[in-house]
Amino acid sequence: MKNNLKVERAINSITQQELAKKIGVTRQAINSIELNKFVPSTVLALKLSEFFNKPVNEIFFLEETD
Amino acid sequence: MKTKFLFPNHFERIGWFILIPSSILGLLNFFEILEFKFLEIRVFAIYSEMFPSPSTFFGFVSNNIANEIFGILFIIGAIFIGFSNEKHEDEFIAKVRTESLVWSVYANYIILIFCMLFFFELGFFYVMLFNMFTILLFFIIRFKYMIYMSKKNLNYEK
């Protein structure tokens, strides 16, 4: 799975730390999602979607290998 | 984050306070540098066997309980450390914890297999003695190391 969290963050000009705080996770969680090292739970994906006011599938995308 | 089966965060500190002294005293006791003669008492045993004395089944035996005390304290301390909520617990931390646990089981049993092949008799008895504790120890080391690395690997862009 891929994501454009970093792009969304840039658009909203919010740091990893700030986003982490708003969503209620560690900064490592945000960082590892952006590095495609960590697939967030549905709850976390929905929280991010709510925060950026965008549907989940505009932030996260399936890859062919998924 | 709500977590199942984990202790509150402050249990970790309690864990370290138990683990460090109990492992030092346990090792000193094991290598017979320190002896705790006053802990030689009669205890209830479900089963006890020590050649040449006859074995005891559901009875009382004389035993030095120093190693039992330090062993139990080590386990309690290690469990408190490994299974307390981190200060900021989230699903990423939970994933790191689970993966560390898998890793430590592998590492522990790979080492045990190696020791089974190359340690014998009383030598293997000592391996088993340490093996009781290494799985928790490997888990704590791996878990704390992975948390440390994930903090270190944060790329500092704003």
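## Helix α2 of chain B

The buried residues of α2(B) are B:A66, B:F70, B:F74, B:G77, B:A78, B:F80, B:I81 and B:G82. Buried here means 20 or more other C-beta atoms within 10 Å of a residue's own, with C-beta atoms placed from the backbone. Helices (H or I, at least four residues) and strands (E, at least two) are DSSP runs, numbered from the N terminus. This is a predicted model, where local features need pLDDT of at least 70, side-chain atom pairs count only at pLDDT 80 or more, and totals for chains, interfaces and linings use all residues. Residues are numbered from 1 along each chain as its sequence is written, while chains are lettered from A and ligands numbered from 1 in the order in which they are written.

What sits over those buried positions? The cover includes α1, β2 (53-64) and α4 of chain B. As for length, the 17 residues of α2(B) should span 24 Å at 1.5 Å a residue, and the end C-alpha atoms are 24 Å apart, so the two agree. That expected span is 1.5 Å times one less than the number of residues.

## Chain B overall

Chain B has four helices and two strands, running α-β-β-α-α-α from the N terminus on. Its radius of gyration is 19 Å, well over the 15 Å that the globule rule gives for 158 residues, so chain B is more spread out than a compact globule. The radius is taken over C-alpha atoms, and the rule is 2.2 Å times the number of residues to the power 0.38.

Along the principal axes, the C-alpha atoms of chain B fill a box of roughly 70 × 35 × 30 Å. Buried residues make up 17% of the 158 residues in chain B.

## Where the chains meet

Twelve residues of chain A are in contact with ten residues of chain B, contact being C-beta atoms, placed from the backbone, within 7 Å. On the chain A side, the largest share, five residues, comes from α3(A).

Back to A:A29: leaving out residues up to four places away in sequence, A:A29 touches A:A20, A:F38, B:D90, B:E91 and B:F92.

Key
Contact = placed C-beta atoms within 7 Å. Buried ≥ 20, exposed ≤ 12 C-beta atoms within 10 Å, placed from the backbone.
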